[in-house]
Amino acid sequence: MHKSAYTKIWKRLQGRSAVVGVFGLGPTGLELARAAAEQGKFRVIGFDINARRIGMLAEGRSYLEHLPSESIAKLIKTELLIPTTDFARAKEVDVAIICVQTPLGRHHEPDLSFIVQAANSIAEYSRPGQLVILQSTTFPGTTREVLAPIFKTRGLTPGRDVFLAFSPERHDPGNSEYNTTNTPKVVGADDPTSLELVQGFFSLFVDKVVPVSSTDAAEAVKLTENKFRQVNISLINELKIIYTAMGIDIWEVIDAAQTKPFGYMPFYPSPGIGGHCIPVDPAYLAWKAREFGLPARFVALADEINMGMPDYVISRLAEAMDMRWSRGLKGASILVAGVAYKKNVNDYRESPALSLLRILKRRGTEAAYFDPFISELPLEDGSTLRSISWSPQAISGFDAVLIATDHDGVDYRALVENSRLVVDTRNACGRHGLSGANIVKA
Ligand SMILES: NC(=O)c1ccc[n+]([C@@H]2O[C@H](COP(=O)([O-])OP(=O)(O)OC[C@H]3O[C@@H](n4cnc5c(N)ncnc54)[C@H](O)[C@@H]3O)[C@@H](O)[C@H]2O)c1
């Protein structure tokens with residue numbers, strides 16, 4: 001069985017007659033589907049349980065700021081991308097890639113329910129010879145301990161009837177230099193045939209594929225990359241607090257430090273951490289480490305520092321207002337500029353701006369926001385805010401503007417010229433050559 005199953009799928013991959021199924025068309029799944037269709041020349045069926053998302057895509061409309069609708073529309077028209085909520089079409093698929101979300105549960109534990117649900121819908125229609133790749137970020141052991149049993153219980157033996165692999169996601173939304181094709185792709189499998197297949201598949205549309213010896217190792221690669229970022233961001237945030245107290249500008253220090261051509265890479269301060277990855281993924285590692293009786297101490301410390309940043313930023317804002325007008329935050333009107341978790345994207349998941357707005361509300365301010373990419377923002381308390389329209393008059397009506405995300409394309413000169421006080425957490429003003437007594441770095 002194994003030899004013929006392998007030969008069959010390998011031939012279909014090489015001849016591009018293989019059908020690729022992407023399960024979960026979030027930012028990562030959609031980008032992968034686009035690359036497999038555009039660069040890989042595969043026909044891709046995109047599955048999602050979100051009918052609204054599928055409806056939009058089927059009409060050729062992208063819901064992502066950095067992925068133009070024209071590119072989606074072209075794929076839909078040529079039927080290289082077929083978005084659907086009909087999971088029975090899973091039986092048409094030769095390569096199934098799981099790109100669903102991996103959030104945290106109520107008690108900060110990994111929530112693998114989306115992976116399990118997607119894997120069940122693949123296994124239900126599975127036939128011998130399918131390659132199934134998990135790409136959602138998760139703890140080491142997930143492919144072996146969670147995915148493989150789902151297929152085994154249906155009589156499909158991994159490595160013989162079905163080929164299982166893990167390949168970490170390295171998507172960086174809005175990055176104009178690196179995309180799926182020119183970012184090296186790590187792949188891992190627990191048997192040589194599955195490894196050969198997953199390596200061969202991605203080699204057809206990714207410039208460089210990096211094999212590792214197991215799915216556990218591949219899962220650990222992703223967590224290592226994200227834990228590295230989480231810890232370094234917290235380090236620079238802590239340094240910001242210390243240097244600010246010393247009267248030293250952290251941004252000037254980073255700019256000078258990064259002139260060292262070796263042994264240093266820059267990380268930048270922020271009002272907290274956001275997005276689907278950095279605040280979440282390290283907790284997956286910490287959870288799994290407990291099974292081995294090991295504490296993930298850096299994860300906990302970095303979390304503590306990063307989660308304290310919104311309070312620190314608000315305390316800098318309150319101090320600046322006290323010093324200028326002898327008035328506290330209560331009753332003040334504050335505009336938060338930029339609420340996406342990072343610049344030039346329309347994603348506000350886990351954005352520190354949500355914490356800033358919560359604290360501002362709690363402190364009795366009238367808080368509003370401006371973001372060119374996000375017209376409506378659901379807050380943590382269940383209410384919804386709408387972005388104000390940009391105009392010098394509108395800006396001048398606020399007591400202070402708090403820059404939380406430094407989107408390009410915002411007229412920072414006009415913002416500074418029309419604001420009574422600008423509290424800048426991203427050095428947006430400095431980067432645009434702006435200075436003035438009304439600017440406070442935080
Ligand atoms: N967004 C990023 O920049 C990024 C970067 C690196 C890694 N990742 C990781 O990639 C994974 C996906 O991230 P995302 O941001 O694309 O997630 P997302 O939550 O935006 O999208 C996931 C999609 O999967 C769909 N879905 C859920 N259950 C499903 C099922 N059973 N079948 C089919 N579709 C289903 C959801 O409706 C949603 O559209 C996560 O593990 C994340 O940590 C994300």
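# Close-up views of a predicted model

**View 1. The pairing of strands β1 and β2, with V20 and its partner.** In β2, V44 is the residue that forms the bridge with V20. This and every other view shows a predicted model. The pairing involves strand β1, residues 19-23, which runs parallel to β2 and is joined to it by 5 bridges.

View 2. Of the 5 residues of β2, 5 are buried, so the strand is largely enclosed by the rest of the structure. In a regular strand, the side chains alternate between the two faces of the sheet.

View 3. K41 is found in the loop between α2 and β2 (43-47). Although K41 is not a glycine, its phi is positive, at about 60 degrees.

View 4. H108 belongs to the loop between β4 (95-98) and α5, and its phi is near 65 degrees, which is a positive value in a residue other than glycine. With 12 other C-beta atoms within 10 Å, H108 counts as exposed, because the limit for an exposed residue is 12 or fewer.

**View 5. The residues around the ligand.** The ligand is surrounded by 26 residues, of which G24, G26, Q101, S136 and E169 are the closest. Two helices, α2 (27-38) and α5 (113-124), each supply at least two residues of this shell. Sorted by class, the shell around the ligand holds 11 nonpolar residues, 12 polar residues and 3 charged residues.

**View 6. P310 within helix α11.** P310 lies in helix α11, which spans residues 297-325, and P310 is buried, with 23 other C-beta atoms within 10 Å. Leaving aside residues up to four places away in sequence, P310 touches P271, G272, P352, S355, L356 and I359. One of these contacts, S355, is 45 residues from P310 along the chain, yet the C-alpha atoms of P310 and S355 are separated by 6.3 Å.

**View 7. The contact between the two assigned domains.** The domain assignment divides the protein chain into domain 1 (2-213) and domain 2 (249-441), and the C-alpha centres of domain 1 and domain 2 lie 34 Å apart. To the contact, domain 1 gives 15 residues and domain 2 gives 14 residues. The side of domain 1 that touches domain 2 is made up, by class, of 6 nonpolar, 7 polar and 2 charged residues.

**View 8. The whole protein chain, as a setting for the close-ups.** The secondary structure of the protein chain comprises 15 helices and 15 strands. Its radius of gyration is 24 Å, close to the 22 Å that the globule rule gives for 442 residues, so the protein chain is as compact as a globular protein of that length. Along the principal axes, the C-alpha atoms fill a box of roughly 80 × 50 × 45 Å, and 45% of the 442 residues count as buried. Among the contacts with a separation of 6 or more, 68% are between residues 24 or more positions apart.

Technical notes
Residues numbered from 1 in each chain as written. Predicted model: local features only at pLDDT ≥ 70, side-chain atom pairs only at ≥ 80, totals over all residues. Near = placed C-beta within 6 Å. Helix = DSSP H or I, 4+ residues; strand = E, 2+ residues; numbered from the N terminus. Nonpolar A, V, L, I, M, F, W, Y, C, P; charged D, E, K, R; others polar. Rg over C-alpha atoms; globule rule 2.2 N^0.38 Å. Buried ≥ 20, exposed ≤ 12 C-beta atoms within 10 Å, placed from the backbone. Contact = placed C-beta atoms within 7 Å. Domains from an automatic or database assignment. Pairing = 2+ DSSP bridges.
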